[in-house]
Amino acid sequence: IVQKYRDAVHIEMPKGHLFIFDYGVLVAWGVNPAKQDHYLTVLKHIAKGVNPAQTDRYEFVKAGKESSQLVIVDNQLSLPNVQVDSLLTLSHAFAQSAKLQHVEILAEHTISNNQYLINTLSQTGKLPLSRKALAKLRGQLLQTRSDIMLHCRVLDTSEFFWDFPVVDHLYLSLSKYLELKPRIELVNLKRQSM
């Protein structure tokens, strides 16, 4: 069974769920790792601009009937239920974390690759670049900054929660555990310094 939401596609499988986000992230629940790899391979062939696969794994169990809250201990989630809207809610936070990790790496890579220029400029007062090389570098920095700004759009709270506000607390709990807000603030600081 396939269902489209605002920014994700849900594929219900006999023993699990896949959520594919339109910004290039796949979140799987209860799907055999070999099947996950197969779907990732298929998606890479049909999607444009897919980045190298990065995998984060978490264990999950369904909590007892008395619990209505998400509990997270040592990367194990105890879910209040395994309904599709709850899984999609949590998948939003996981997908944002994965996309944020990609943006963090992009920003860190750009900063570390250009650190020598800052050191050289502070020591000599000159940059060891021709005008053309300096123009290219500015273009690369602007491109990276633009990429980060575009990716940060997906880190906003999804419009999905307008349709399913009852599960918002699950998203907030997991996003706090994944430290999304401070990580986004740090990426924005790095972007501003470029």
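Residue A95 is found in helix α2 of this predicted model. Its relative accessible area is 0%, and A95 is therefore buried. Leaving aside neighbours within four places in sequence, A95 is in contact with F21, Y23, V25 and V27. The C-alpha atom of A95 is also separated by 8.7 Å from that of G24, a residue 71 positions away along the chain.

**Helix α2 and helix α6**

Helix α2 spans residues 84-113, and helix α6 covers residues 168-177. These two helices pack with their axes 9 Å apart, at an angle of about 30°. Angles under 35 degrees count as roughly parallel, and α2 and α6 are therefore roughly parallel to each other. The crossing in which α2 passes α6 is right-handed.

On the α2 side, the contact is made by S86, T89, L90, H92, A93, F94 and Q96. On the α6 side, L170, Y171, L174 and S175 take part. By residue type, the contact of α2 with α6 divides into six nonpolar, five polar and no charged residues.

**Aromatic pairs**

A pair of aromatic rings is described by the distance of the centres and the angle of the planes. Two of the pairs are described here.

W29 and F60 form an edge-to-face pair, 5.0 Å centre to centre and with 75° between the planes. W29 lies in strand β4 (residues 25-29) and F60 in strand β5 (residues 59-62), so this pair ties together parts of the chain that are 31 residues apart in sequence. W29 is buried, with a relative accessible area of 5%. F60, at 31% relative accessibility, counts as partly exposed.

Y58 and F94 form a tilted pair, with 4.7 Å from centre to centre and 40° between the planes. This pair also links distant parts of the chain, 36 residues apart: Y58 sits in the loop between α1 (33-46) and β5, while F94 is in helix α2. Y58 has a relative accessible area of 25% and is partly exposed. F94 counts as buried, at 12% relative accessibility.

| Residue | Relative accessible area | Class |
|---|---|---|
| W29 | 5% | buried |
| Y58 | 25% | partly exposed |
| F60 | 31% | partly exposed |
| F94 | 12% | buried |

**M13 in strand β2**

M13 is found in strand β2, which covers residues 8-13. With a relative accessible area of 12%, M13 is buried. Beyond its neighbours within four places in sequence, M13 is in contact with L18, V31, K35 and Y39. M13 and I1 are 12 residues apart in sequence, and their C-alpha atoms are 7.2 Å apart in space.

**The loop between β6 and β7**

The loop between β6 (71-73) and β7 (76-79) holds D74. N75 has its place in this loop as well. The phi of D74 is near 50°, a positive value in a residue other than glycine. N75, which is not a glycine either, has a positive phi of about 60°. At 72% relative accessibility, D74 counts as exposed. N75 counts as partly exposed, at 34% relative accessibility.

**The chain as a whole**

The chain contains seven helices and seven strands. From the N terminus on, its elements run β-β-β-β-α-β-β-β-α-α-α-α-α-α. Of the 194 residues in the chain, 35% are buried. Among contacts in the chain with a separation of 6 or more, 56% are accounted for by residues 24 or more positions apart.

Definitions and conventions:
Residues are numbered from 1 along each chain as its sequence is written. This is a predicted model: local features need pLDDT of at least 70, side-chain atom pairs count only at pLDDT 80 or more; totals for chains, interfaces and linings use all residues. Side-chain values use heavy atoms; hydrogens and water are left out. Rings of Phe, Tyr and Trp (its six-membered ring) pair if their centres lie within 6.5 Å; planes under 30 degrees apart count as stacked, over 60 as edge-to-face and the rest as tilted. Helices (H or I, at least four residues) and strands (E, at least two) are DSSP runs, numbered from the N terminus. Buried means under 20% relative accessible area, exposed over 50%, partly exposed in between (1.4 Å probe, protein chains only). Axes are lines fitted to C-alpha atoms, for helices over the stretch in contact, and angles run from 0 to 180 degrees between N-to-C directions. Angles under 35 degrees count as roughly parallel, over 145 as roughly antiparallel, 65 to 115 as roughly perpendicular and the rest as oblique. A crossing is left-handed if the near helix is turned anticlockwise from the far one by less than a right angle, and right-handed if clockwise. Contact means heavy atoms within 4.5 Å. Ala, Val, Leu, Ile, Met, Phe, Trp, Tyr, Cys and Pro count as nonpolar, Asp, Glu, Lys and Arg as charged, and the others, Gly among them, as polar.
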